[in-house]
Amino acid sequence: MPELDGTFTSQRLQRRISELEAGEEIAKRDICAVLDETQQQELESKLAAMQALKKQSRARTDAEKKAVGWKSIREVRIEVLKRALAQAESNGLDSWKVKQQAAEVRRAQIYMQAFDEARKAEKSTRAAHTWANNALTRAGLNRMDGRIVGDATARDKAVRGLEEKIQQRARSEMTPDELEQIELLELHMKEVAARRKTRKDQTD
């Protein structure tokens with residue numbers, strides 16, 4: 001079967017779970033469509049085990065059935081789908097961590113490369129920093145100077161807040177060398193900002 005797009009896997013699983021819990025009848029093929037091959041095998045195995053249990057057990061009342069672990073096909077499906085949902089959400093978070101960590105490293109690389117090119121072109125340090133920040137803007141990444149370019153809508157602010165949280169999480173999983181590079185860059189930016197403020201205060 002074709003691999004599911006990770007962005008929509010959790011939504012598809014949650015929709016099927018909600019439908020089953022609401023008592024809707026779902027075709028087997030529609031259940032399998034949101035499960036990978038391993039999860040489909042797990043579902044078949046659990047259903048087969050449940051059929052064997054029902055054949056062997058002499059439970060008659062609901063209490064007796066519950067005591068020996070009887071489950072309906074619907075209940076087994078929901079159980080397997082919920083386990084698949086938990087796995088998908090975990091994988092989705094791991095994917096975000098990897099992407100954000102890569103984005104942080106890329107951000108530092110783009111900035112330093114642009115800064116070096118500007119200095120080689122004999123731009124002043126201040127102009128080189130501006131040039132490097134503009135390179136980040138063109139790449140669709142957050143600027144090192146914290147400036148917001150373009151309209152800041154409520155959605156933009158919400159997305160930026162989420163990005164910051166994910167970036168913090170990504171930093172916690174960087175290698176010591178990667179983290180050191182970013183920390184040195186941020187320290188340099190703070191020193192530049194402090195010198196700029198001092199010159200401005202002196203000229204005011």
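Guide: Accessible areas here come from the Shrake-Rupley method with a 1.4 Å probe. The model is a predicted one.

Visitor: What is the accessible surface of the protein, and which share belongs to carbon and sulfur atoms?
Guide: The surface comes to about 14,100 Å². Carbon and sulfur atoms hold 50% of that.

Visitor: How many helices and strands are there?
Guide: The protein has 8 helices and 0 strands. Along the sequence the pattern reads α-α-α-α-α-α-α-α.

Visitor: Why is L43 called buried?
Guide: Buried means under 20% relative accessible area. L43 has 3%, so L43 is buried. This residue is found in helix α3, residues 37-56.

Visitor: Which residues does L43 touch, leaving out those up to four places away in sequence?
Guide: They are I31, L35, V76, R77 and V80. The C-alpha atoms of L43 and I31 are separated by 9.7 Å. Along the chain these two are 12 residues apart.

Visitor: Where is R77, and what does R77 touch?
Guide: R77 lies in helix α5, residues 73-120. Beyond four places in sequence, R77 touches L20, I26, K28, I31 and L43.

Visitor: How do you know that R77 has no salt bridge?
Guide: A salt bridge needs a side-chain nitrogen of Lys or Arg within 4 Å of a carboxyl oxygen of Asp or Glu. For R77, the nearest side chain of opposite charge is E25, 6.0 Å away.

Visitor: What percentage of the 204 residues is buried?
Guide: Buried residues make up 27%.

Methods
Residues numbered from 1 in each chain as written. Predicted model: local features only at pLDDT ≥ 70, side-chain atom pairs only at ≥ 80, totals over all residues. Heavy atoms only, no water. Helix = DSSP H or I, 4+ residues; strand = E, 2+ residues; numbered from the N terminus. Buried < 20%, exposed > 50% of the residue type's maximum accessible area, 1.4 Å probe, protein only. Contact = heavy atoms within 4.5 Å. Lys, Arg positive; Asp, Glu negative; His and termini not counted.
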